[in-house]
Amino acid sequence: MTKILHLAWNDIQIEFSERSTLIFFLILPIVFTAILGNTVGGSAPDETADTRLILLLVDEDETDLSMALTAVLEESTLARPVLRDRTEAVRLLEEEDLPGLLTIPAGFAASLLAGEGVDLRLATAVTDNRTLALEQAVAAAARQVDSAIQIAQASVAAAEQIRPFAHEAERQAYFAHALAMAQAQLAAPPAVLESNRAAVPTPQGPDGFELASAGQLVTWVLITLIGTSAVLVNERIGGTLRRLLVTPTQKVTIMAGRIVGRLSQGLLQMALLIGAGALLFGVNWGNSPAALIMVVTAFGLAATALGLLLGALARTRSQASGLTIMFSMVLAALGGAWWPLEITPASYQTAVQILPTTWAMKGFTGVIVRGHGVAEVLPVVGVLLLFALVFFAVGLWRFRYE
Amino acid sequence: MKPILNIAWKDLIVLFRDPGALALLLLAPFALTLAMSAAFGRDGNPGISDIPVLIVNHDTGKFGELLVEVMASEELAELITTTVAANETAARASVDRDEVAAVVIIHAGLSQSIIPDQAEPDRGVVELYLNPTRPISGGVVQAIVSQFLQQINTGAAGGQVAVGQLMQNQLITPAEAQTLGPVIGEAAGRQSVEGQLISVSRQFQTENDTANGFDWMGYMAPSMAILFLMFTVVEGGRSILTERDNGTLPRMLTAPLSAAQVLGGKLLGTYLNGLAQVGILIGASVLIFNIRWESALGVVLTIVSVVAAATGWGACIAAFARSSGQANVVGTTLALVFAIGAGNFFARPNLPDWLQLVSFISPNAWGLEAFTSLTAGAGVSDLLPYLAGMWIMAAILFGLATLAFRRQVV
């Protein structure tokens with residue numbers, strides 16, 4: 001056991017003798033988390049601040065109906081309408097990175113009252129994902145205004161069936177009254193939707209940094225641990241393994257030392273990234289440190305074992321280094337570290353169940369987002385340990401010391 | 001010139017004979033592009049389908065039943081998979097176990113709230129118990145239930161408004177109101193969905209106000225190629241230092257070759273490697289993903305330019321690094337920082353403005369901007385600012401590298 005620890009400590013010392021190690025170990029993961037966290041959604045919103053997306057609004061109609069649409073939009077939980085003239089709105093959209101511009105065209109009310117369709121144009125910045133939320137907000141507001149008009153028209157039609165109006169002014173007055181009643185009714189509907197989330201560690205749900213932290217942790221720790229392959233190939237080519245074998249040390253001890261050394265680095269990296277995430281970005285890593293430690297350890301073992309397997313397969317340094325970058329990036333991306341699996345097709349979600357990264361992400365998001373405890377993470381930990389077992393077995397079987 | 005070409009050709013052959021290098025050069029970017037294609041499809045729109053949903057109906061009236069029918073309807077079958085559950089506690093536990101995206105709980109009294117049998121009916125409630133690890137799926141379920149509630153609320157409001165007005169104007173009696181109300185209400189509710197007058201269309205606002213959409217694969221395929229191009233040029237720069245460390249560079253210099261010829265050959269080799277890599281990846285993407293760029297010449301010029309700018313960085317790293325190990329660390333760091341800062345992992349418009357600006361220090365940003373323009377239908381003349389940017393970058397970096405190399409050789 002002492003020999004194993006000596007070998008492991010030796011590995012750690014060699015790795016950290018170069019200051020550049022810290023770049024990949026800590027600095028780059030934090031930089032990536034900072035940028036991705038901000039891009040995905042940033043910190044949890046201050047509940048007192050208006051964090052709704054700004055919707056530039058150009059009202060070319062300026063009628064009661066267009067103002068009614070604006071009023072409904074102001075009640076939206078997603079969008080905050082900001083009224084501007086066309087020139088200013090276009091300038092703001094193009095120069096200020098605002099997500100969308102809604103134009104209520106001239107003739108909006110006249111067309112609706114005549115029973116004709118109207119197309120509201122929502123101009124957006126190309127590929128901006130905030131625009132999907134804006135589109136949803138505008139569509140919901142449009143539906144509400146639309147419904148009020150439909151109700152008023154149905155009311156006018158019902159009255160006309162019983163007794164025709166004496167003149168157009170009477171009809172319009174009847175319609176206007178019906179419209180006002182409908183708008184009031186729809187503002188306080190008889191049936192409502194209440195949404196509740198399953199128990200989460202943070203009451204407002206996960207923020208951008210919490211979503212990005214787990215993915216970045218998995219990506220960068222994979223690079224470190226799959227990098228075991230490069231260490232083993234280096235030692236094989238450099239003859240260190242051969243030289244160690246002439247000492248009174250068993251093969252299994254040498255291999256265990258190397259694996260423990262690398263695994264320790266991965267565990268240390270995860271501990272540092274978890275700490276940095278909590279301190280720098282306010283990431284809540286769940287309610288159960290024990291569950292988190294179990295997921296971290298199981299993932300560390302699976303990734304180290306994969307590194308050993310690749311180390312057994314690679315013959316040259318460049319092969320090992322190429323395979324490390326390729327496997328860590330592809331496995332991280334496919335397993336849901338770069339984008340949430342729920343937005344992918346069902347067949348894709350089923351296919352990636354064969355990857356350890358998919359299970360690692362399940363474990364980390366379960367702990368962060370749902371506050372999973374020891375009992376809940378056991379299945380994920382079990383699968384990750386199974387991956388570790390298979391990779392270790394095949395890796396050791398295929399490994400050549402010379 | 002011939003010795004330069006010989007050295008460059010040798011480097012190209014060596015690279016393409018190395019399976020490990022090929023994995024990094026071609027396989028990794030292609031695998032990532034394939035993964036993105038499988039995940040997002042051609043247009044980058046999420047392929048959400050078969051969202052597992054449980055529904056618990058405590059309402060005894062017709063509206064609860066109607067919502068169950070809507071959720072289990074053929075129209076929504078592809079998007080959501082709804083299962084009726086009798087036990088609310090067990091259904092909630094399924095969300096807690098991450099088995100379903102949401103539970104729709106129809107509270108008792110929903111139907112009475114819409115067609116009240118008393119003066120002050122309680123408000124009807126449909127509750128969603130959402131899975132926090134599937135926020136997007138939850139949003140979809142929320143949208144479906146919202147639309148249903150809007151329809152029945154419209155129906156209720158329609159009945160009340162029409163009947164209220166008819167009674168106010170003494171066109172019907174209170175007895176007639178009892179029978180007419182639900183009929184008018186149902187018609188208004190149906191009309192509000194079927195005869196929707198207002199539509200919302202999303203259009204992309206580009207500089208020239210055209211309505212070009214975003215081609216996800218047209219962005220991601222070159223993006224992955226450029227990301228891994230940086231690894232290639234770093235490896236090229238590192239190989240110069242490795243040759244120096246191993247003694248092959250001094251041996252080459254004892255041959256009738258000038259230092260400039262040797263370094264020129266090595267850098268040309270790196271350039272050709274990059275050109276082959278990006279060319280193959282872009283060519284394969286065009287064939288496999290059917291990506292179409294209007295200007296083939298524009299694509300070629302962009303590839304030639306982005307590889308030149310990237311090779312400039314490779315040359316600089318080799319010129320200023322003290323060892324091949326240092327070149328590897330600095331180069332890989334730069335490659336990754338450039339990638340995250342320039343938008344190789346997600347579309348550039350999603351990045352903060354300041355980062356989009358700063359990222360023009362990298363070839364990645366210029367290349368991505370050029371490819372995005374090509375996707376939007378740009379021709380060669382539209383690309384000129386980007387091509388000029390990349391060549392200016394290449395000239396500055398090669399200039400700096402030459403000065404540093406000269407100092408080393410002297």
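1. Basis. The model is predicted: local features need pLDDT of at least 70, side-chain atom pairs count only at pLDDT 80 or more, and totals for chains, interfaces and linings use all residues. Residues are numbered from 1 along each chain as its sequence is written, chains are lettered from A and ligands numbered from 1 in the order in which they are written, and side-chain values use heavy atoms, with hydrogens and water left out.

2. Interface. In chain A, 97 residues are in contact with 100 residues of chain B (contact means heavy atoms within 4.5 Å). About 8500 Å² is buried between the two chains, and carbon and sulfur atoms give 64% of that area. Buried area is the accessible area (1.4 Å probe) that two parts lose on being put together, summed over both.

3. Salt bridges. A salt bridge needs a side-chain nitrogen of Lys or Arg within 4 Å of a carboxyl oxygen of Asp or Glu. Over all chains the count is ten. Between chain A and chain B the count is zero. One salt bridge joins the side chains of A:Arg86 and A:Glu60, at 4.0 Å, N to O. This pair links distant parts of the chain, 26 residues apart: A:Arg86 lies in helix α4 (residues 86–95) of chain A, and A:Glu60 in the loop between β1 (53–59) and α3 (64–74). Helices (H or I, at least four residues) and strands (E, at least two) are DSSP runs, numbered from the N terminus.

4. α8(A) on α13(A). Helix α8 (residues 208–226) of chain A packs on helix α13 (residues 317–334) of chain A at about 150°, with axes 9 Å apart. Axes are lines fitted to C-alpha atoms, for helices over the stretch in contact, and angles run from 0 to 180 degrees between N-to-C directions. The two helices are therefore roughly antiparallel (over 145 degrees; under 35 is roughly parallel, 65 to 115 roughly perpendicular, the rest oblique). From α8(A) come A:Thr219, A:Leu222, A:Ile223 and A:Ile226; α13(A) supplies A:Thr324, A:Phe327, A:Ser328, A:Leu331 and A:Ala332. By class, six are nonpolar, three polar and none charged. Here Ala, Val, Leu, Ile, Met, Phe, Trp, Tyr, Cys and Pro count as nonpolar, Asp, Glu, Lys and Arg as charged, and the others, Gly among them, as polar.

5. α8(A) on α12(A). Helix α8(A) also packs on helix α12 (residues 289–313) of chain A, at about 45° with axes 8 Å apart. That angle makes the pair oblique. A:Leu222 and A:Ile226 are among the α8(A) residues here; both also take part in the contact with α13(A). The contact with α12(A) has nine nonpolar, three polar and no charged residues.

6. α8(B) on α14(B). In chain B, helix α8 (residues 216–246) and helix α14 (residues 363–375) pack at about 155°, with axes 10 Å apart. They are thus roughly antiparallel. The contact includes B:Tyr219 and B:Met230 of α8(B) and B:Leu368 and B:Phe371 of α14(B). Its residues divide into seven nonpolar, six polar and no charged.
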